[in-house]
Amino acid sequence: MALHFALMIDPAASDDARTDFSETFTAVDPAAPALTVGELSTQRGDGIFESIGVVDGHAQEVGAHLSRLAHSAQLCDLPQPNARQWREAVTRAAAECGPGEAVIKLILSRGIEHGPTPTAWVTAATAADNTRARTRGIRVVTLDRGYTLDAPTRAPWLLLGAKTLSYAVNMAALREAHRRGADDAIFTTTDGFVLEAPTASLILRRGDTFVTPAPHGGILHGTTQLSLFDHLAAEGYETVYENVPASALHTADAAWLVSSVRLAAPITAIDDVDVPVDAELTAAVNAYLLSPRD
Ligand code: PLP
């Protein structure tokens, strides 16, 4: 996934009402060093990010991603991002993307140790080819996340509902899934509930009802899941948020992991037990997710 565009941002105050933020952007060579060694994003993973899917130059669901960036900033005591400034930066990055699928990343770090401001930047890169996951599906294993469902209220400093740069645990879970012969993982709580995947949300189908684990703060509220639930509701399906017991994984009529870049990957097996796949519905869902969405 080669980076082909990078823009450093001088973060504006959240209430800065300028209509043109171009003077706060500096395009940099994406292959050249751009951060100083004192950066807290690299030293401590102290910062937040978003990954936005781009299809044929259209950045998907920018508003939902900017809302989640603002929510993550609040949870992490970072200054509120200026939504207009970030939207303009996304527009600049999307204009560089061209035909096909790409990914735009927004990064807001706490900045340099003892420094005056956060560090912020945007990148654009060509997306990996996800056709195989979307059409052939993925095998997943359940992995214990190591806390109970009420951990977010008992320990908000774990920042469980924030999309922080500290993804080492998520990446370790993916490696463990691969070691177990699977493509991906579903995290479960120690008291037996289902959470999310390391980089995706889980959606189950129960008859004509689509179910996803309630985002009580222990998981990220996925922009793809939100968009898909709106679409499914408009199509006449029931959509619900629930505390999903792990046992529900084996009674689902179908299951998907959904995220901004891979989109909907049908789950073919959970812990080596086959899960029914609805190829027609999956294709329709991915056609929707690939259409321009705002
Ligand atoms: N949950 C986690 C932990 C994620 O990292 C992601 C996306 O990267 C998601 C859920 C899905 O979010 P979205 O649909 O906004 O990509």
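Two bridges join strand E3 to strand E4 (residues 58-59), and the two strands run antiparallel. Val54 stands opposite Ala59 of E4. The model is predicted. E3 spans residues 47-55 and is mostly covered, with 7 of its 9 residues buried. E3 also gives the largest share of the side of domain 1 that touches domain 2, namely 8 residues.

**The E3-E4 hairpin**

- The hairpin of E3 and E4 has 2 residues between the strands.
- Asp56 lies in the loop between these two strands.
- Asp56 is not a glycine, yet its phi is positive, at about 50°.
- Asp56 counts as partly exposed because it has 13 C-beta neighbours inside 10 Å, and the buried class needs 20 or more.

**The sheet around E3**

- E3 belongs to an open sheet of 6 strands with antiparallel pairing.
- The strand order is E2-E1-E6-E5-E3-E4.
- The edge strands are E2 (25-28) and E4, each of which pairs on one side only.
- Helix H2 (residues 62-75) packs on the sheet and touches E3, E4 and E5.
- The direction of H2 makes about 175° with that of E3.
- E3 pairs with strand E5 (residues 101-109) in the antiparallel sense, over 9 bridges.
- Within that pairing, Glu50 has Leu106 of E5 as its bridge partner.
- Strand E1 (residues 3-9) runs antiparallel to E2, and 4 bridges join them.
- Ala6 has Val28 as its bridge partner in E2.

- The chain is divided into domain 1, covering 3-126, and domain 2, covering 131-290.
- Their C-alpha centres lie 26 Å apart.
- The contact takes 20 residues from domain 1 and 14 residues from domain 2.
- On the side of domain 1, the elements that give two or more residues are E3, H2 and E5.
- E3 supplies the largest share of that side, with 8 residues.
- By class, the domain 1 side divides into 8 nonpolar, 9 polar and 3 charged residues.

**The shell around the ligand**

- There are 14 residues around the ligand.
- Leu220, Gly222, Thr223, Thr224 and Ser260 come nearest.
- Helix H7 (223-234) and strand E12 (254-259) are the elements that give two or more residues to this shell.
- H7 gives the most, with 3 residues.
- The shell has 4 nonpolar, 9 polar and 1 charged residues.

**Arg205 in strand E9**

- Arg205 sits in strand E9 (residues 201-206).
- Arg205 has 18 C-beta neighbours inside 10 Å, so it counts as partly exposed.
- Leaving aside neighbours within four places in sequence, Arg205 is in contact with Phe210, Ala252, Asp253 and Ala254.
- Ala252 is 47 residues from Arg205 along the chain, but their C-alpha atoms are separated by 5.8 Å.

**Tyr241 in strand E11**

- Tyr241 is found in strand E11 (residues 238-242).
- Tyr241 is partly exposed because 14 other C-beta atoms lie within 10 Å.
- Not counting residues up to four places away in sequence, Tyr241 touches Thr212 and Ala214.
- Tyr241 and Leu202 are 39 residues apart along the chain, and 11 Å separates their C-alpha atoms.

**Asp272, in another loop**

- Asp272 is found in the loop between strand E13 (263-270) and strand E14 (273-274).
- Phi of Asp272 is positive, near 70°, in a residue other than glycine.
- Asp272 counts as exposed because it has 10 C-beta neighbours inside 10 Å, and the exposed class takes 12 or fewer.

Key. Residues are numbered from 1 along each chain as its sequence is written. This is a predicted model: local features need pLDDT of at least 70, side-chain atom pairs count only at pLDDT 80 or more; totals for chains, interfaces and linings use all residues. Two strands pair if DSSP finds at least two bridges between them. A residue is near a molecule or strand if its C-beta atom, placed from the backbone, lies within 6 Å of it. Ala, Val, Leu, Ile, Met, Phe, Trp, Tyr, Cys and Pro count as nonpolar, Asp, Glu, Lys and Arg as charged, and the others, Gly among them, as polar. Two residues are in contact if their C-beta atoms, placed from the backbone, lie within 7 Å. Axes are lines fitted to C-alpha atoms, for helices over the stretch in contact, and angles run from 0 to 180 degrees between N-to-C directions. Domain bounds come from an automatic or database domain assignment.
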